[in-house]
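Please consider the structure shown below together with its sequence.

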Amino acid sequence: MEIFWFVVLMIMLGIYVILDGYDFGAGIVHLFFAKTEEEKKAVTNSIGPFWDANEVWLIASGGVLFFAFPTLYASAFSGFYLPLMLVLWLLIFRAISLELRGQVHNRMWELMWDKLFGLASLLLALFFGAALGNVVRGVNLGMVENGVSTQEPHYFFLALWNPTFDPLAEHQGVIDWFTLLLGLVAVVTLTIHGANWIILKTSSTLSIRLKTVIFKLNFVLLFLVILSAYVWHDVKPKSLHNFETYYWLWIFPLIAAVGLFGQFRIKKFTKDLSGFIYSSLFIFGSFGSTIASMFPILLPSTNAVNPSLTIQNVSAHEYGLSVGIGWFCVAAVLVIVYFIIQFKVFRGKLDDVGYGDH
C-alpha cells in the first residue's frame, strides 16, 4: 500500500513540475527575452487560462503527503521552514503580479509588476531545483553533534546556508554549491520548457526568436547535466545502486536523454507541439531518474545515528491508506474531467485571448 501512494505522490509531483514548470519558464522568458509590449502580452496570454489551475497540483501533492506519509510531512515542513516561507511569498508575488499589472495603465506601474513576475518565476525555479538537491543530498536527521542525537530521530532544521557552503558539512544549509548547481539546472530546464509552451500557444514574433534561444540554452543545459551527474556521484557515492540492481530503471535516464537531444532539432520541427513534448520528456525522465536512484528512501540521513526516512517508516496506518484509495479515485476522475474541458476550451493559439478575458 505504501508503494501505491508513493507512486501516486511522485506522479502528482511530476505533473506539477511539467505543468507549473512551463509557467515559471514563461515568467523567465518574460523577464529576459520579451522586449515589446506585444511580446509580453504573448507570454501572459499563453499561460493566462492555466497557471492557477497548475498550482493546484502542488497543493494536492501536499495533501497526499500529509495523508499518506505524515511523519515525512512533519519532518520536511519543519526542517525546510525558511525556504518554504520564501516559496510561499514568491508564489504570492507571482500571482498578484499577473493580476495587478493591468489594473493601472501607467508605465512605471506595469514595469514594476513585470519585473516582480519575472523575478519571482526565476527564484521559484531556482528554489525548487535547490529543494531537489537538498532531498538528494540528505539532511542531518536528529541534529546529531559529535555522534549524539540532540533531537528526535526525524527532526532537523536547515539555515539558508552555512559558512563553508559545503554540502557535506555537519551543519548544512539549504543553499550550497551542490544544491545551487541543481537550481541552475532547473532554471535552464524550465526556461526552455516555458519557451516551448509559448511557441506552442502563440504566433508572436517572440516565438520565432525563442527557437534560437532554446537551441543555445540546450548546450548550456547539456553541460550542466553532465557536470551535475559527475558531482552527484561525489555527494552520493552509491547513487547508481538501484540502477545496477534493477536494469529496467535505465528507462528513465534514456527518456531524459531523448528529451534533451531531441531539443537540438528545435529549428527543424514542423509542429509546434514537438518542442514541448521533448522538454516534457526531459523533465519526466530526469525527475524519474532521481526518484529511482533514491527508492525506497524519501529523505536521506547524513549521519549514522538516525536512519533515513523511507516509505515504510513514515507512512500512515494501512487502514487509512486503504480507505483513501476510494476518495482518491473520485478526486482523480474530477481532475481529469476538469483538465480535459480546460484544454479543449483553450486549445490552439491564444494570441487573441487577452489575460483576464478568460
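A residue is termed buried when its relative accessible area is under 20%, exposed when that area is over 50%, and partly exposed in between, with a 1.4 Å probe and protein chains only. Helices (H or I, at least four residues) and strands (E, at least two) are DSSP runs, numbered from the N terminus. The model is a predicted one, in which local features need pLDDT of at least 70 and side-chain atom pairs count only at pLDDT 80 or more, whereas totals for chains, interfaces and linings use all residues. Residues are numbered from 1 along each chain as its sequence is written, and side-chain values use heavy atoms, with hydrogens and water left out.

Helix α2, residues 37-47, is mostly covered, since eight of its 11 residues are buried. These buried residues are Glu 39, Lys 40, Ala 42, Val 43, Thr 44, Asn 45, Ser 46 and Ile 47. They pack against α1 (2-32), α3 (51-68), α5 (81-100), α6 (107-137), α7 (177-201) and α8 (205-235), where contact means heavy atoms within 4.5 Å.

Which charged side chains join helix α2 to other parts of the chain? A salt bridge is a side-chain nitrogen of Lys or Arg within 4 Å of a carboxyl oxygen of Asp or Glu, and the structure holds six of them. In one, the side chains of Arg 101 and Glu 37 meet at 2.8 Å, N to O. Arg 101 lies in the loop between α5 and α6 and Glu 37 in helix α2, so this pair ties together parts that are 64 residues apart in sequence. Arg 101 counts as buried at 15% relative accessibility, while Glu 37 is partly exposed, with a relative accessible area of 30%.

Another salt bridge is formed by Arg 209 with Glu 39, whose closest N and O atoms are 2.7 Å apart. The pair links distant parts of the chain, with Arg 209 in helix α8 and Glu 39 in helix α2, 170 residues apart. Arg 209 is partly exposed at a relative accessible area of 34%, whereas Glu 39 counts as buried at 5% relative accessibility.

The side chains of Asp 114 and Lys 40 also meet in a salt bridge, at 3.4 Å, N to O. Asp 114 belongs to helix α6 and Lys 40 to helix α2, so the pair ties together parts that are 74 residues apart in sequence. Both Asp 114 and Lys 40 are buried. Glu 37, Lys 40, Arg 101 and Asp 114 are linked in a network of salt bridges.

Attention now turns to a residue of another helix. Ile 192 lies in helix α7 and is buried, with a relative accessible area of 1%. Leaving aside its neighbours within four places in sequence, Ile 192 is in contact with Ile 214, Leu 217, Asn 218, Leu 221 and Gln 263. The C-alpha atoms of Ile 192 and Phe 276 are separated by 8.8 Å, although the two residues are 84 residues apart along the chain.

Finally, the chain may be viewed as a whole. The protein chain has 12 helices and six strands. Its radius of gyration is 21 Å, close to the 21 Å that the globule rule gives for 358 residues, so the chain is as compact as a globular protein of that length; the radius is taken over C-alpha atoms, and the rule is 2.2 Å times the number of residues to the power 0.38. Buried residues make up 49% of the 358 residues. Among contacts between residues at least 6 apart in sequence, 76% join residues at least 24 apart.
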